[in-house]
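Q: Let us go through some labels used for this model. What stands behind each one?

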Amino acid sequence: MKLSPEYFQQNDVVALAKDLIGKHLYTSIDNQLCSGIISETEAYAGIGDKACHAHLGRFTKRTRVMYKTGGIAYVYLCYGIHHLFNIVTNQKGVADAVLIRGVIPVEGIETMLKRRKKDKITSQLCSGPGNFTQAFGITKTHNSHSVCSQQIWLKDHCIEANKIKATPRIGIDYAEEDALLPWRFVGDFEGI
DNA sequence: TAGGTGATCTTG
DNA sequence: AAGATCACCTAT
């Protein structure tokens, strides 16, 4: 079943990041259907989280979308090259989001290979936040776009991970003590 | 392990 | 206005 906007408006972004492991993510972009099982996420908990772009209430052209009502995408350019895809969560005014860091490819693998300029499937096809967005055709043009739409949507018909591991988040060493929070979730889908 | 790339934030 | 930094990836 397609996930509704209300699903993304839950107020516990860490629980939601964990719950998203095993959900089925779809894009239909440039007429190419791609889908995969979400295997890796990170929670970013708004203005009180030193790792979050909206820390201390930063409200800029880039971060403003994080304050909107949950159920839309926050896509931004990282290191000048990579488009990183987050799902904005919680209620209007709360700047929480979940970063999607990797999926297990299911449908549209030919399209993914072409977008990634690869000729073989490897474990890295959709793994890593920049690799995943490239494979699925997600770019900054999808910023602020609904994730319950015709172009991007999620489904619940579920695959349960064998195990879900919680670890510190990646690439946020600047976030001092918050860098240690176990808010990254990795699903083990070995043998599924 | 270094370098690419550009938006954003910080400093003078 | 310039310089540093940054939720990364690829190839040497």
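A: Start with the second largest pocket, whose volume is about 210 Å³. The closest of its 14 lining residues to its centre are S39, V103, I104, S123 and S127. This is a predicted model: local features need pLDDT of at least 70, side-chain atom pairs count only at pLDDT 80 or more, and totals for chains, interfaces and linings use all residues. Residues are numbered from 1 along each chain as its sequence is written, chains are lettered from A and ligands numbered from 1 in the order in which they are written, and side-chain values use heavy atoms, without hydrogens and water.

Q: What makes a space a pocket, and what is its volume?
A: The grid has 1 Å spacing and covers the protein atoms alone; a pocket is an open set of points with protein on both sides within 12 Å along at least five of seven lines, and lining residues have an atom within 4 Å of a point. Points are joined across faces, edges and corners, and the volume is the space filled by probe spheres set on them.

Q: Which element gives the most to the lining of the second largest pocket?
A: β5 does, with four residues. Strands are DSSP runs of E, at least two residues; helices are runs of H or I, at least four.

Q: Why is T133 called buried?
A: Buried means under 20% relative accessible area (1.4 Å probe, protein chains only). T133 has a relative accessible area of 2%, so T133 is buried. T133 sits in helix α3. Six of the eight residues of α3 (129-136) are buried.

Q: How do you know that T133 makes polar contacts?
A: A polar contact is a pair of N or O atoms within 3.5 Å; within protein, one must be able to donate a hydrogen and the other to accept it, and residues adjacent in sequence count only if both atoms are side-chain atoms. The T133 side chain reaches the backbone oxygen of H83 at 2.5 Å. A polar atom of that side chain lies 3.0 Å from the backbone oxygen of G130.

Q: What surrounds DNA strand B?
A: R58, T60, R62, L77, Y79, G80, I81 and H82 do. A residue is near a strand if one of its heavy atoms lies within 4 Å of it.

Q: Which backbone atoms lie by the bases of DNA strand B?
A: A polar backbone atom of Y79 is 2.3 Å from a base oxygen. A backbone N or O atom of G80 is 3.4 Å from a base nitrogen.

Key
Buried means under 20% relative accessible area, exposed over 50%, partly exposed in between (1.4 Å probe, protein chains only). On a 1 Å grid over the protein atoms alone, a cavity is a set of points where a 1.4 Å probe fits but cannot get out, and a pocket is an open set with protein on both sides within 12 Å along at least five of seven lines; lining residues have an atom within 4 Å of a point.
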